[in-house]
Amino acid sequence: MPRPPELRVLIADDEAPARELLKEFCQHHPDLIVVGEASHGLMTVKLAQELQPQLLLLDVQMPKLNGFEVLELLDQQQGVIFTTAHDQYAVRAFEVNAVDYLLKPITQGRFDAALAKVRSHTGVPRGFDFRALVAASRPVGVYAERLVIKDGARIELLSVQELDYARAQGDYVELVSGKKSWLKEQTLQDLETSLDPARFVRVHRSFILNGERLARLEPMSKDSKVAILKTGAQVPVSQTGMQKLAHWLTQLGP
Amino acid sequence: MHPTLPKLRHFLVYLGVWLLLSQLPALFISVPNFDLWPAATLATVMPTFLFGLLALSFYYVCRTLPLSPALFTRASGLHLLMAVVWAVVYLAALHATAWLVDWVSTATDVLPLIEARWPQLLPLGAAFYLGAIAFFYLVINIQSAHTALAEAATERLRAREAQLNLLKAQVHPHFLFNSLNTISALVTPEPGLARELCALLADFLRKSLTLGEHDTIPLADELALAKNYLDIEKLRLGERLTIAWDVAPQTLALPVPALLLQPLIENAITHGVATCVQGGTLTLTTVREGAMLKVRIGNPFDPEAPPRKRGGVGLANVSRRLHARYGKAAAFTTARYAEAFQVQLLLPLDEEAPDAAPP
């Protein structure tokens, strides 16, 4: 009988006993090789890139980066099983997105069942959209306070207050803050839903503007205008973008 | 209308009473010859009714001159003086009306009667004044008693609400599930420790439930619960958590509202030490300063920690609870530094705190 191929596992949890427990569960499966343990989010991303695990056992609440932020920064090649103690939004997000998750306290039986599910599909589950998962994990009316960006080997945390504008660039968005800019693998639509509409306005099919950066508007052509930012940067504003911007400006008033 | 007579019905009753009162001077005048009653009534109705209308202004005098012990001599002196003045004015008004009545109707002769009866009418005017004053003082006292009752009720409601919020927030399910997971993890490698943690968790739950039933508890009990909680967190966080306590022995017996510190300790862990990769030290100092108990809790935190939900709810609850209980006599301050957070509580030890809610 052929043995199942080896599965390289990375365990991420900030509590040592919780990691030990998962290691113990893994020992019951000879084909599982625990290649690393991470005690916080940044370490998880770093180890995942170095060790290329095929399965990630990922805690939601961790220092530095939470489980969702970690997932945003990875290439989505590995299977993921989330572990969480009690987080109604996370659990709802998992259920909606059919991602495997384990509720603490975790038992061997439940661990085995989740593992079997991961084995049945290679890598990421079919149709699994991690961005939808991240969006669903956010309570209604709560918006992103920061954006996580992978800049080569570095990980940048950009506070949304520092974001001047975002621009669609194919499969990426370009995030601009002052003289700096980053590319992030995300659609402008996804970014827009994560940002607070009280601060950010989709002024163009390809642009989201931080309204607080707006200095003035100048006409560009018959149908469109250009927004001049306090930094001097220019952002095109379409006709519908102009309506949204006008609406936003009146909402901001008393 | 009038502050004491909010409804039209009350106002009409008030005027009706004065119309009835006008029969008193009429009675004095006509005794013993009751044939004079109608003419006497004609002379007394208008001045008495007018007195009643003007008496409405006495309310404001009563308002500005409350019958407090400090002002009693002054207030009674003034009112006696005013009673004499108003009695003279009233008598003059009766004279004038009687003269008018006599002038209009030649059949009557009321004026001499009034002149004859002034020894009775003058005290009656004074009595009207004092009666009206007494009425307004009574109304003012009833009104302020009502307001005080309503305020006390709102205050009690607020205190109750804070208590309820506290109970709800007392044992976080997150903490419970994580602890159970830790127990589960320890069972194989360290069964003794697993058993220990079971007992710690049971003690913590038991204490939270029983302490929550009390209004105030000795600080020692509150700190024992915190110690119990931190022992559990220590098993989960290991080396990352260190604790530095500086508890003045003479503070241990001082009364504190039950479970006031617990949410602050939990905040210091979940939003503080647990967010730091290297962990850190939770500091707690208690000291008695005169008639106040000072408690300080400090913790490091990672400014770049992932945003967490429910942040600040615990702090707001503590603040609301203190306000409901002590009013302005207690102080709750928070200080946020680059990588550290500190809360400070100043609790009055005087149980007769001005705004203390009944237990």
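Me: Why are H1(A) and H8(B) called oblique to each other?

Reply: First, a note on the model, which is predicted: local features need pLDDT of at least 70, side-chain atom pairs count only at pLDDT 80 or more, and totals for chains, interfaces and linings use all residues. Residues are numbered from 1 along each chain as its sequence is written, chains are lettered from A and ligands numbered from 1 in the order in which they are written, and side-chain values use heavy atoms, without hydrogens and water.
Now the angle. Helix H1 (residues 16–27) of chain A and helix H8 (residues 173–186) of chain B pack at about 50 degrees, with axes 8 Å apart. Angles under 35 degrees count as roughly parallel, over 145 as roughly antiparallel, 65 to 115 as roughly perpendicular and the rest as oblique. H1(A) and H8(B) are therefore oblique. The axes are lines fitted to C-alpha atoms, for helices over the stretch in contact, and angles run from 0 to 180 degrees between N-to-C directions. Helices (H or I, at least four residues) and strands (E, at least two) are DSSP runs, numbered from the N terminus.

Me: Which residues make the contact between H1(A) and H8(B)?

Reply: Contact means heavy atoms within 4.5 Å. H1(A) brings Pro17(A), Ala18(A), Leu21(A) and Glu24(A). H8(B) brings Asn181(B), Thr182(B), Ser184(B) and Ala185(B). By class, that gives four nonpolar, three polar and one charged residues. Here Ala, Val, Leu, Ile, Met, Phe, Trp, Tyr, Cys and Pro count as nonpolar, Asp, Glu, Lys and Arg as charged, and the others, Gly among them, as polar.

Me: What makes the ring pair of Phe175(B) and Phe204(B) edge-to-face?

Reply: Rings of Phe, Tyr and Trp (its six-membered ring) pair if their centres lie within 6.5 Å; planes under 30 degrees apart count as stacked, over 60 as edge-to-face and the rest as tilted. The whole structure has 21 aromatic pairs over all chains. In this one the centres of Phe175(B) and Phe204(B) are 5.3 Å apart and the planes stand at 70 degrees, so the pair is edge-to-face. Phe175(B) sits in helix H8 of chain B and Phe204(B) in helix H9 (residues 191–211) of chain B, 29 residues apart.

Me: How do you know that Thr83(A) is buried?

Reply: Buried means under 20% relative accessible area, exposed over 50%, partly exposed in between (1.4 Å probe, protein chains only). Thr83(A) has 1%, so Thr83(A) is buried. Thr83(A) lies in strand E4 (residues 79–84) of chain A. Beyond residues up to four places away in sequence, Thr83(A) touches several others, including Asp13(A), Leu22(A) and Lys104(A). Of the 254 residues of chain A, 50% count as buried.

Me: Why does Glu233(B) count as buried?

Reply: Glu233(B) has 2% relative accessibility, so Glu233(B) counts as buried. Glu233(B) is found in helix H10 of chain B. Leaving out residues up to four places away in sequence, Glu233(B) touches Phe175(B), Gly238(B), Leu241(B) and Ile269(B). Phe175(B) is itself buried, and Phe204(B) is too.

Me: At what angle do H9(B) and H10(B) pack?

Reply: H9(B) and helix H10 (residues 219–237) of chain B pack at about 145 degrees, with axes 10 Å apart. Among the residues in contact are Leu197(B) and Phe204(B) of H9(B), with Leu225(B) and Ile232(B) of H10(B). By class, the contact has 11 nonpolar, two polar and four charged residues.
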